Amino acid sequence: MAKPDRSKSARRSGNVHSIVDPVAEAQRLTALLAPVVSAAGLYLEDVSVQMAGAHRTVSVVVDLPETETGGVGLDAIAAVSKSLSDAMDADPDDDAPPYTLEISSPGATRPLTEPRHWRRALGRMVKVNAVGRENLVGRILAVDDDGVQLLPELPVKKGMKAKQGEPEKVLFSAIRRGVVEIEFARLEEAELDLEFEPTGGDAVDGEES
């Protein structure tokens, strides 16, 4: 589902911009935007900056808090997009080039690389590649500081009813990769996440009249 574009004009004094280090700029913007995202009831997953000549593309990824399930809705994205745009336009420390702001959510198929990602996927079916064993498919029962409790799905012949094994814990230190398995019962929710394209908003330097 494409989200509506939002255009705006960022006014600054003068036409000369300093040279921008994308990594340092992403860190600066993270500190600026994190409280804005938190105030909207969301979690700031990532901020990245790409330079193309005299223009910045600022990509912001937001997610729900780890205590919540489901995906970030379109209304929430639209609201936080406006708040982030306002914060960047009002930033007194910004002397960098004009920018395009893109807002997105991680989506259902993002790799599970942090404990909070696993907590967000609580109750979901996941595929886990871990050290010293075959790939494991199972449902997340619990997540703590050092690992994930799974209810394994045992391999069965095609057409047979799925069988569960005994719950087992897989340590984060042993996990190479983990991803959510899309289930038909959750297809509508998954499609919302999968089709969640970034918002776009162009900001172009303007002269004070």
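Predicted model: local features only at pLDDT ≥ 70, side-chain atom pairs only at ≥ 80, totals over all residues.
User: Where should I start with helix α1, and how many residues does α1 have?

Analyst: Start with its length. α1 has 18 residues and spans 25 Å from its first C-alpha to its last, close to the 26 Å expected at 1.5 Å a residue. Then look for bends: a kink of about 35° lies at Leu33, shortly before the proline Pro35.

User: Which residues of α1 are buried, and what do they pack against?

Analyst: The general idea is that an α-helix has 3.6 residues a turn, so residues three or four places apart point the same way. Here the buried residues are Glu25, Ala26, Leu29, Leu33, Val36 and Val37. The buried residues of α1 pack against β2, β3 and α2.

User: How many residues are in the largest nonpolar core, and which elements supply them?

Analyst: That core holds 22 residues, and those with the most contacts inside it are Val58, Val60, Val62, Leu84, Leu101 and Ile103. Two or more residues come from each of α1, β2, β3, α2 and β4. To trace the packing, take Leu84: leaving aside neighbours within four places in sequence, Leu84 contacts Leu33, Val36, Val37, Val60, Leu101 and Ile103. Apart from this core lies another, of 15 residues, including Leu112, Trp118, Ala130 and Val180.

User: Is Asp63 buried or exposed, and which side chains does it pair with?

Analyst: Asp63 lies in strand β3 and counts as buried because its relative accessible area is 2%, under the 20% cut-off. Its side chain makes a polar contact of 3.4 Å with that of Arg116 and another of 2.9 Å with that of Arg120. Beyond four places in sequence, the residues that Asp63 touches include Leu42, Tyr43, Glu45, Val72, Pro106 and Arg110.

User: Where is Pro106, and what does it touch?

Analyst: Pro106 sits in the loop between β4 and α3. At 22% relative accessibility, Pro106 is partly exposed. Not counting residues up to four places away in sequence, Pro106 touches Val61, Val62 and Asp63.

Terms used:
Residues numbered from 1 in each chain as written. Heavy atoms only, no water. Core = buried A, V, L, I, M, F, W, Y, C linked by side-chain atoms within 4.5 Å. Buried < 20%, exposed > 50% of the residue type's maximum accessible area, 1.4 Å probe, protein only. Helix = DSSP H or I, 4+ residues; strand = E, 2+ residues; numbered from the N terminus. Contact = heavy atoms within 4.5 Å. Polar contact = N/O pair within 3.5 Å; in protein donor to acceptor, adjacent residues only side chain to side chain. Expected span 1.5 Å × (residues − 1). Bend = angle between axes of the 7 residues up to and from the residue.
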